[in-house]
Amino acid sequence: MSASSSMQGHSVPASGMDNTVESPGQRAPLVLGTGDFHTVTNQVCRVTEHPNVPMAWYIAFGVSLALLGGLGVAVTYLIFTGVGVWGLNNPVMWAFDITNFVFWVGIGHAGTLISAILFLFRQKWRTGINRFAEAMTIFAVICAGLFPGIHVGRVWFAYWLFPIPNQMEMWPQFRSPLLWDVFAVGTYFTVSLVFWYIGLIPDLATLRDRAKGTIQQFAYGLFALGWRGSARHWHRYEVAYLLLAALATPLVLSVHSVVSFDFAVSQLPGWHTTIFPPYFVAGAIFSGFAMVASLAVPARELFGLKDIITMRHLDNMNKVILVTGCMVGYAYSMEFFIAWYSGAPYEQFAFINRAFGQYWWAYWIMVSCNVITPQLFWFKKVRTSIPAMFILSLFVNVGMWFERFVIIVSSLANDFLPSSWDQFIPTWVDIATMLGAFGLFGVLFLLFCRYLPMIAIAEVKGVMPEASPHWEGYAKGHGSHGHGSHGHHGGAPAGSQPALQDPRTGQP
Amino acid sequence: MTTFATPSSPSAPASTEPSVAQTWGLVARFANPAELMHAAEAVRKAGYRYWDCHSPFPIHGIDQAMGISRTILPVVVFGVGAAGCTLGVLLQSFTNSFDYSIWALVWVTGYPFLISGKPLLSFPAFVPVMFEVTILLSSLTAAFGMLAFNQLPELYHPLLKHPGFGRATDDGFFISIEARDPQFLRSKTGEFLRSLGASSVEVVES
């Protein structure tokens with residue numbers, strides 16, 4: 001039992017209490033039901049250590065695995081046959097492939113936003129959700145990376161994406177946004193992975209120290225790198241974490257900006273828009289948070305993490321969804337305004353065609369799911385209702401997928417020349433690939449939930465009031481050891497040692 | 001791991017008691033972050049040099065209590081970041097703007113792309129990739145530089161096999177003092193740690 005829990009007479013926030021209430025001058029508790037570090041460790045590690053997993057996990061894993069199998073079949077067929085197996089045609093040369101790419105990259109934005117930007121803003125509630133949001137980021141970027149790779153048709157030339165001279169001694173063309181995209185997404189994946197892993201090291205050490213089986217001890221021990229909670233290590237660790245957060249913050253804003261350049265730098269009406277970079281970033285955060293909420297709600301129910309991912313966390317996420325949803329709604333209306341204000345007939349046509357042309361249904365699904373239904377989050381009752389937020393977050397996921405579909409397909413299908421207009425109709429390969437990406441994501445995410453700590457244990461402990469050496473609960477218990485004062489310079493230490501050397505024990 | 005002979009140990013040649021010579025140090029457990037911090041201050045003031053605190057999460061203010069000087073990691077990261085930015089410029093201008101040949105394991109030649117009549121050295125178009133390369137290299141440096149300065153991975157360490165020390169990654173707060181510290185005396189150091197309020201003081205074998 002931890003000694004901190006034996007600190008007498010300090011009230012512990014009750015399990016399942018309503019911590020969404022704002023009371024001025026008082027911090028709302030972020031960890032409920034305990035004031036004890038050991039309980040937090042147990043709650044999180046129980047998920048990976050328990051021999052049995054809930055039946056729901058097996059069902060979800062089975063479904064994901066089946067979809068992943070479908071992806072394998074669809075991609076193999078595509079590679080052996082050619083991109084003609086998709087429903088692409090002459091004006092619509094990008095459809096489901098790039099829609100899925102942009103959708104998944106967008107999903108991947110929430111993780112780094114939570115881990116980096118909210119870290120810089122000292123939003124302590126991020127600790128409850130950052131680990132699996134970061135994991136979600138990595139898996140989403142893996143799904144995203146699949147699509148540019150396979151949509152080129154001849155995948156054996158995928159190395160043309162990298163700065164390697166080809167057989168004609170030509171290099172890739174760095175003035176193309178498509179190449180910026182390769183660097184942006186590649187950097188984003190690498191940095192997110194490193195950030196995630198650095199955060200995992202102390203928690204892997206926790207799992208290592210608790211592991212019973214040899215395989216677990218070896219595997220967790222290997223990846224924990226011999227972490228032993230040293231204060232000298234923590235010092236550099238915290239500096240490195242801060243640096244990574246500071247570097248990842250502009251990165252996360254740049255990635256979807258660069259993705260939007262794929263469209264904005266072209267000359268196509270409906271794509272050639274200066275609002276795209278901020279609009280895409282807001283949309284990415286919007287969809288990413290919705291995906292985090294869709295995953296966090298079942299995960300906290302299933303794995304008993306309600307006291308760590310509390311209602312306050314969900315409430316905060318829903319507020320972010322509301323704000324970014326409003327930004328996205330603003331962008332939709334501003335696009336229309338600029339199309340009218342530009343006086344360019346092609347631009348005006350592109351937007352009227354979006355709302356009332358052959359893809360009107362996709363446009364209105366997008367507007368309903370992204371702008372109208374999130375407005376319900378203005379009500380606290382909705383923000384704190386589990387079924388409501390789950391359904392609304394799924395709506396946002398659907399809406400954001402359609403946003404990318406609308407932007408890409410409606411602009412291409414009805415371009416400058418009416419004689420070349422066509423319609424995109426997805427084939428079974430398109431649909432199997434789209435669903436298969438969800439399968440890939442699901443498999444990776446479910447394996448992560450099973451074998452790695454879903455919650456950043458060390459960080460959650462760090463935001464408990466008991467983590468501060470100046471917590472008032474410690475003031476009582478500590479007279480018995482002969483230390484009179486709290487301050488760094490208060491009084492001589494109790495030991496009878498001769499002091500007063502200057503031990504500069506720090507290393508670089 | 002080097003172990004210093006305890007200079008004033010009256011008890012006899014080391015050969016009779018191999019475990020004495022094998023001592024890596026002492027580890028003392030404290031009840032909570034507050035006690036750990038007070039003890040850390042006292043250990044620093046007592047003049048120990050080879051010692052450390054261990055906690056499941058970073059404790060605010062323990063750096064000052066222990067007298068840890070600030071790491072130079074940010075300087076290294078800045079340097080590498082600047083180099084990364086330069087690398088981004090060189091990569092793009094070499095491959096897209098000139099036809100110089102350089103030797104990079106094999107001879108490679110740049111390819112001056114003339115696209116839409118834009119200048120060969122169209123700098124604004126190079127900014128995104130410069131930015132990404134900068135971020136990539138500085139992030140990798142921050143992460144791996146931290147591990148390198150911490151001398152990790154270090155898969156074997158005497159503390160890691162010490163029973164009970166596993167709580168350092170759970171809810172235990174420890175101070176370890178190494179036997180190679182010039183002031184280290186098994187009995188006296190143990191006594192000192194106990195006087196700071198340690199709930200247990202144990203010998204760690206190396």
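Here is a quick tour of a predicted model with chains A and B. The predictor gives the complex an ipTM of 0.87 and a pTM of 0.87. Residues count from 1 along each chain as its sequence is written, while chains are lettered from A and ligands numbered from 1 in the order in which they are written. Because this is a predicted model, local features need pLDDT of at least 70 and side-chain atom pairs count only at pLDDT 80 or more, whereas totals for chains, interfaces and linings use all residues.

**How confident is the predictor?**

- Chain A has a mean pLDDT (the predictor's confidence in each residue, from 0 to 100) of 86, with 91% of its residues at 70 or more.
- Two stretches of chain A fall below 50: residues 1-9, with 18 contacts beyond near neighbours in sequence, and residues 478-508, with 49 such contacts. A contact here means that the C-beta atoms of two residues, placed from the backbone, lie within 7 Å.
- Chain B also averages 86, and 90% of the residues score at least 70. Its residues 1-19 are below 50, with 18 contacts beyond near neighbours in sequence.
- Where pLDDT is low, the predicted coordinates should not be read in detail.

**Where the chains meet**

- On chain A, 71 residues are in contact with 82 residues of chain B.
- Helices α1 (37-49), α6 (177-210), α8 (231-264) and α16 (457-462) of chain A each bring at least two residues to that side. Helices are DSSP runs (H or I, at least four residues), numbered from the N terminus.
- The largest share, 16 residues, comes from α8(A).
- Sorted by class, the side of chain A that touches chain B has 36 nonpolar, 26 polar and nine charged residues. Ala, Val, Leu, Ile, Met, Phe, Trp, Tyr, Cys and Pro count as nonpolar, Asp, Glu, Lys and Arg as charged, and the others, Gly among them, as polar.

**A helix pair in chain A**

- The axes of α3 (residues 96-107) and α5 (residues 126-151) of chain A come within 8 Å and cross at roughly 155 degrees. Axes are lines fitted to C-alpha atoms, for helices over the stretch in contact, and angles run from 0 to 180 degrees between N-to-C directions.
- That makes α3(A) roughly antiparallel to α5(A) (an angle over 145 degrees).
- Among the residues making this contact are A:Phe101 and A:Trp104 of α3(A), and A:Phe147 and A:His151 of α5(A).
- By class, the contact has 11 nonpolar, two polar and one charged residues.

**Domains of chain B**

- An automatic or database assignment gives chain B domain 1 (14-70 + 155-205) and domain 2 (73-149).
- Their C-alpha centres lie 46 Å apart.

Conventions:
Parallel < 35°, antiparallel > 145°, perpendicular 65-115°, else oblique.
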